[in-house]
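Here are my notes for you to read with the structure open. Take the points one by one and find each residue as you go.

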Amino acid sequence: MTNGLIILFGLTMLYLSTTSRLLAHVRTLAVQGLLLFLICAMDFSHHPWYIIAFLTVETLLVKAILIPMFLTKVVKKTHSNRDTDANIAHFYCLLISSVILFAGFMLSVIEIPSLSMINPICFGIALATIIISLWLITIKHKILSNVIEFITMENGIFLLSLSVAKEMPILVNIGVLLDVFIAIYILGLFVSQINKELGDMEVAHLSDLKDSV
């Protein structure tokens, strides 16, 4: 069951690579947060109550509810409905993302003695998620798209932390959560200000700010 949820998490990255609708991206973040909660919940019986409470807040409340709600407001406020100017067509985005995800899945079935303590499917999908997120950041033009892909990369890092050991590394999770909070708050204000000053959300227009300094 857990492996099925992890694979489903990886498949959400394929959906992200094929759609240009930013609200669909935000909803996918909510789905990823819910999947991360369910993945953690499968192992709750092996952990004390304070770790269960923290992971519930981090995944279900923050990743699945609060962050998507905040980004939905930013999308509606800036009227940035689509990111249609990616450097690569959606078909090739899907193809490349599928190759990366398949490579992550193949990595999970290869037996490596030095990685015997790592959950292989969790490690492979998490690594593929991080790589796909970084790649999507480089080809997307909208600033808000880059913010969303940054969060998916953080979700991949969270999933990677779950694969490292049976004890969920709470310090790593706290660090990731703080990074997400700071990044979302600062980038949300940044996106709103850019939209107010330039009337557009293209990454290329950031050079205008540099020239005006």
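1. Start with helix H6, which is mostly covered: 18 of its 22 residues are buried. H6 runs over residues 143-164. From the first C-alpha to the last, H6 reaches 32 Å, close to the 32 Å expected at 1.5 Å a residue.

2. Keep in mind that this is a predicted model. The mean pLDDT of the protein chain is 77, with 71% of the residues at 70 or more.

3. Now for the inside. The largest nonpolar core holds 30 residues, and Ile6, Leu55, Ile125, Leu159 and Leu162 have the most contacts inside it. Helices H1 (2-18), H2, H3 (49-78), H4 (90-109), H5 (120-139) and H6 each give two or more residues to this core. H5 supplies the largest share, nine residues.

4. There is also a second, separate core, made of twelve residues, with Ile67, Leu71, Val147 and Ile151 among them.

5. Back to Ile125, one of the residues with the most contacts inside the largest core. What does Ile125 touch, leaving out residues up to four places away in sequence? Its partners are Ile6, Phe9, Gly10, Leu101, Gly104 and Leu159. Two of these names, Ile6 and Leu159, are also on the list of residues with the most contacts inside that core.

6. Next, have a look at Thr28 in helix H2, which spans residues 22-41. Is Thr28 buried or exposed? Thr28 counts as buried because its relative accessibility is 5%, and the cut-off for buried is under 20%. Its side chain reaches the backbone oxygen of Ala24 at 2.8 Å. An α-helix has 3.6 residues a turn, so residues three or four places apart point the same way. Beyond residues up to four places away in sequence, Thr28 touches Thr12, Tyr15 and Leu16.

7. Last, the aromatic rings. The count comes to one aromatic pair. Why is the pair of Phe91 and Tyr92 called edge-to-face? The ring centres are 5.4 Å apart and the planes sit at 75°, and planes over 60 degrees apart count as edge-to-face. Phe91 is exposed, with a relative accessible area of 57%, whereas Tyr92 counts as partly exposed at 47%.

Definitions and conventions. Residues numbered from 1 in each chain as written. Predicted model: local features only at pLDDT ≥ 70, side-chain atom pairs only at ≥ 80, totals over all residues. Heavy atoms only, no water. Helix = DSSP H or I, 4+ residues; strand = E, 2+ residues; numbered from the N terminus. Buried < 20%, exposed > 50% of the residue type's maximum accessible area, 1.4 Å probe, protein only. Polar contact = N/O pair within 3.5 Å; in protein donor to acceptor, adjacent residues only side chain to side chain. Contact = heavy atoms within 4.5 Å. Expected span 1.5 Å × (residues − 1). pLDDT = per-residue confidence, 0-100. Core = buried A, V, L, I, M, F, W, Y, C linked by side-chain atoms within 4.5 Å. Phe/Tyr/Trp six-rings, centres within 6.5 Å; stacked < 30°, edge-to-face > 60°.
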